[in-house]
Amino acid sequence: VKLHAMRREVLERTVGESLFFTFEEAGFQERKGETGAVLQWAGPDGAERLKAVLHEVQRAADLCLDPSTMSFEQVSQMVAKGRFLPGILEVNDKVEEPVAAKESQLERPKKPWEK
């Protein structure tokens, strides 16, 4: 069974109202249900939004981890899943504009048998 609607009161108790913006950004909309207010998902059309929000929430949670308390196994699992490691700076090391190689001005050194 896939979960497409969640009762607002349950979400308030589990995650707190301060995180409702993540559900809204992921494509959930508030509506009146039989048992009270409900957050209903937009459906398969919002799958990409849901993936993007999940990625950013996971990234924010990863950045809150204390790197000094993590085990090697935890770090290995995070690397295997492509998650961000706390305490590691992300450096953009891509070349902006590639520089073409220059033709060498030096002569090739002679090999010992060519001397």
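These notebook entries record what I looked up in a predicted model.

**Entry 1: the largest pocket**

I began with the largest pocket, whose volume is about 230 Å³. I listed its lining as Val15, Leu19, Thr22, Phe23, Ala26, Phe28, Leu50, Val53, Leu54 and Val57. Two or more of the lining residues come from each of helix 2 and helix 3 (47-63). I noted that helix 3 gives the most, with four residues.

**Entry 2: Val15 and the surface patch**

I then turned to Val15, which I located in the loop between helix 1 (8-14) and helix 2 (20-25). Val15 counts as partly exposed because its relative accessibility is 33%. On the surface, I found Val15 in a nonpolar patch with Leu19 and Phe21. Together these residues have about 260 Å² of accessible area.

**Entry 3: salt bridges**

I next looked up the salt bridges, which number nine. Among them is the pair Arg7 and Glu9, with the closest N and O atoms 2.8 Å apart. Arg7 is partly exposed at 36% relative accessibility, and Glu9 is partly exposed at 38%.

For Arg8, I recorded a salt bridge with Glu12, the closest N and O atoms being 2.9 Å apart. Both residues lie in helix 1, four residues apart, about one turn of the helix. Arg8 is buried, since its relative accessible area of 16% is under 20%. Glu12 is partly exposed at 34%. I also found Arg8 in a salt bridge with Glu17, at 2.7 Å from N to O. Through shared partners, salt bridges join Arg8, Glu12, Glu17 and Glu30 into one network.

Methods:
Residues are numbered from 1 along each chain as its sequence is written. This is a predicted model: local features need pLDDT of at least 70, side-chain atom pairs count only at pLDDT 80 or more; totals for chains, interfaces and linings use all residues. Side-chain values use heavy atoms; hydrogens and water are left out. Patches are made of residues with over 30% relative accessible area and no salt bridge: like charges are joined within 9 Å, nonpolar side chains (Val, Leu, Ile, Met, Phe, Trp, Tyr) within 5 Å. Accessible areas come from the Shrake-Rupley method with a 1.4 Å probe; for residues, only the protein chains shown count as cover. A salt bridge is a side-chain nitrogen of Lys or Arg within 4 Å of a carboxyl oxygen of Asp or Glu. Buried means under 20% relative accessible area, exposed over 50%, partly exposed in between (1.4 Å probe, protein chains only). On a 1 Å grid over the protein atoms alone, a cavity is a set of points where a 1.4 Å probe fits but cannot get out, and a pocket is an open set with protein on both sides within 12 Å along at least five of seven lines; lining residues have an atom within 4 Å of a point. Grid points are joined across faces, edges and corners, and a volume is the space filled by probe spheres set on the points.
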